Amino acid sequence: ITAGTSESFNTMTANWGGVGYLWNKPVVFVFVRPERYTYEFLEDNECFTLSFLGEENKDIHKVCGSKSGRDVNKIKETGLIPDTTSDGNIVFEQSRLTLECKKLYCEKLNKDRFLDQKILEKWYGAKGNLHCIYIAEILNIWGK
């Protein structure tokens with residue numbers, strides 16, 4: 001998940017999400033914890049991109065999923081080559097598939113709404129740092 005502008009952006013590896021059709025639109029849904037640096041960029045920008053880099057870029061996935069953009073320059077550390085879409089959103093040359101998305105809805109998960117408390121206990125425990133879910137319309141798709 002990448003959000004921001006060419007002047008300031010962050011990217012992170014995310015495993016939770018999906019693609020579907022909602023409100024008569026093609027959409028994605030992604031989950032991001034508020035403590036993640038990318039969350040700030042998601043909140044401050046109307047759009048974000050999803051880049052699917054493939055198995056050949058596992059090292060990039062590892063860095064972007066384990067290190068914070070607050071502490072390291074992920075672009076320099078990974079060798080990612082950023083570019084911008086015509087709407088100014090960040091994409092990467094290495095991406096095999098890129099989705100450009102416009103936010104439609106976001107909400108923090110609510111511990112009281114979990115119907116299976118085992119999921120809450122397993123994934124959130126006592127700390128309770130629940131994810132925010134973003135539902136976004138897919139505006140553009142690029143593939144290689």
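Student: How many aromatic pairs does the count come to in this predicted model?
Tutor: A pair of aromatic rings is described by the distance of the centres and the angle of the planes. With centres required to lie within 6.5 Å, the count for this predicted model comes to 7 aromatic pairs.

Student: Is the pair of F9 and F92 stacked, edge-to-face or tilted?
Tutor: The ring centres of F9 and F92 are 6.4 Å apart, with 55° between the planes. Planes under 30 degrees apart would count as stacked and over 60 as edge-to-face, so the class that remains for F9 and F92 is tilted.

Student: How many residues apart are F9 and F92, and in which strands are they found?
Tutor: The pair links distant parts of the chain, and F92 belongs to strand β7 (residues 90-92).

Student: Does F92 count as buried or exposed?
Tutor: The relative accessibility of F92 is 5%. Because the limit for burial is under 20%, F92 counts as buried.

Student: In which sense does β8 pair with β5 and with β9?
Tutor: Strand β5 (residues 47-52) and strand β8 (residues 97-108) are connected over 6 bridges, with F52 opposite L97. On β8 and strand β9 (residues 132-143) there are 11 bridges, and Y105 stands opposite I135. The sense of both pairings is antiparallel.

Student: What is the volume of the largest pocket, and how many charged residues are in its lining?
Tutor: The volume of the largest pocket is about 410 Å³, and the closest of its 23 lining residues to the centre are I1, T13, A14, S51 and F52. At least two lining residues come from each of β3 (17-22), β4 (25-32), β5 and α2 (58-66). By class the lining has 15 nonpolar and 8 polar residues, and the number of charged residues is none.

Student: Which backbone oxygen lies 2.6 Å from a polar side-chain atom of T78?
Tutor: T78 is found in helix α3 (residues 74-78), and T78 is buried because its relative accessible area of 16% is under 20%. The backbone oxygen at 2.6 Å from the polar side-chain atom of T78 belongs to K74.

Key:
Residues numbered from 1 in each chain as written. Predicted model: local features only at pLDDT ≥ 70, side-chain atom pairs only at ≥ 80, totals over all residues. Heavy atoms only, no water. Pairing = 2+ DSSP bridges. Helix = DSSP H or I, 4+ residues; strand = E, 2+ residues; numbered from the N terminus. Phe/Tyr/Trp six-rings, centres within 6.5 Å; stacked < 30°, edge-to-face > 60°. Buried < 20%, exposed > 50% of the residue type's maximum accessible area, 1.4 Å probe, protein only. 1 Å grid on protein atoms, 1.4 Å probe; cavity = no way out; pocket = protein on both sides within 12 Å on 5 of 7 lines; lining within 4 Å. Points joined across faces, edges and corners; volume = space filled by probe spheres on them. Nonpolar A, V, L, I, M, F, W, Y, C, P; charged D, E, K, R; others polar. Polar contact = N/O pair within 3.5 Å; in protein donor to acceptor, adjacent residues only side chain to side chain.
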